[in-house]
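Subject: Structure handover

Dear colleague,

Please find the structure below.

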Amino acid sequence: MRYKLFLISTLLPFCLLAESSYKIERDIPYSTHIDKYSNERCKLDVYYPDNVADVPVVVWFHGGGLTGGEKFIPEQLMNGNLIVVAPNYRLLPGVSVEECIDDAASAVAWTFNNIGKFNGSNKKIFVAGHSAGGYLTSMIGLDKHWLEKYEIDADSLAGLIPYSGQAITHFAHRKRQGIGELQPCVDNLAPLFHIRHDAPPYIIITGDREQELYGRYEENAYLWRMMKLIGHKDTYIYELDGYNHGDMAVPAHHILKQHIIKILDNE
């Protein structure tokens, strides 16, 4: 089944809190690693309202092919009833893909253990990200061993919302193995390898299949189908017509916010 999203200007805003004021705490260390590169990269920003409690949280991983990119708070997630945690993570070639994923898990574990200090609820933590950030989202949410290392059950996440993330093994890792960008590979570093029926709600979003990067829609459509076949009841896929890989993130934020509302309403 093919899902499409058509955005119109009359859509209601997401739970805006007109009386709330927001703050940002920047460059908070989250890793237990003490080497110089970890000290430089393993930091996160927290954007939070200062006068409410029990607020839903989005951990937002930036993109950049696992070789670049910087943490940021998406403008479309500001000034609403959300806390945004934006981590940096170590990058290739300085580390392995496994270490990138481990950093992502460490940042999410930090969020579980500390978000109460910022008026957030550790029962309402959603993980999302664009491109490489979407890949990290799926890996730590589907392969439970990454968070288990930090004594966090991945099933405690309220939802996984990857934007145009890779469902097969990430091309940066394949490149290091001498595998071309168009040669598919599915191993234990592929979200597809870790499909399971008991994962948190899973909302997959991609750009237009004709404008996406390296068949990104099709590999995510296969992931969606496999999650359905294995018995996962809360997997959804959206294809954003007319949006390419880079442009799709802005309209995708609307889908994220609407699914957060839906998931929390069903608790």
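**Cysteines**

C42 counts as buried, with a relative accessibility of 3% (buried is under 20% relative accessible area, exposed over 50% and partly exposed in between, with a 1.4 Å probe and protein chains only). This is a predicted model, in which local features need pLDDT of at least 70 and side-chain atom pairs count only at pLDDT 80 or more, while totals for chains, interfaces and linings use all residues. Residues are numbered from 1 along each chain as its sequence is written, and side-chain values use heavy atoms, leaving out hydrogens and water.

The whole structure has zero disulfides, a disulfide being a pair of cysteine sulfur atoms within 2.5 Å. For C42, the closest cysteine sulfur is that of C100, and at 9.6 Å it is too far for a bond. C185 is in no disulfide either; its nearest cysteine sulfur, also in C100, is 17 Å away. C185 counts as buried, at 19% relative accessibility.

**Sheet**

Eight strands form an open sheet with mixed pairing, in the order β1-β2-β4-β3-β5-β6-β7-β8. Strands are DSSP runs of E, at least two residues, and helices runs of H or I, at least four, numbered from the N terminus; two strands pair if DSSP finds at least two bridges between them. At the edges, β1 (22-29) and β8 (235-240) each pair on one side only.

β2 (residues 43-49) pairs with β4 (residues 83-87) in the antiparallel sense over four bridges. In this pair, D45 stands opposite A86 of β4.

Regards
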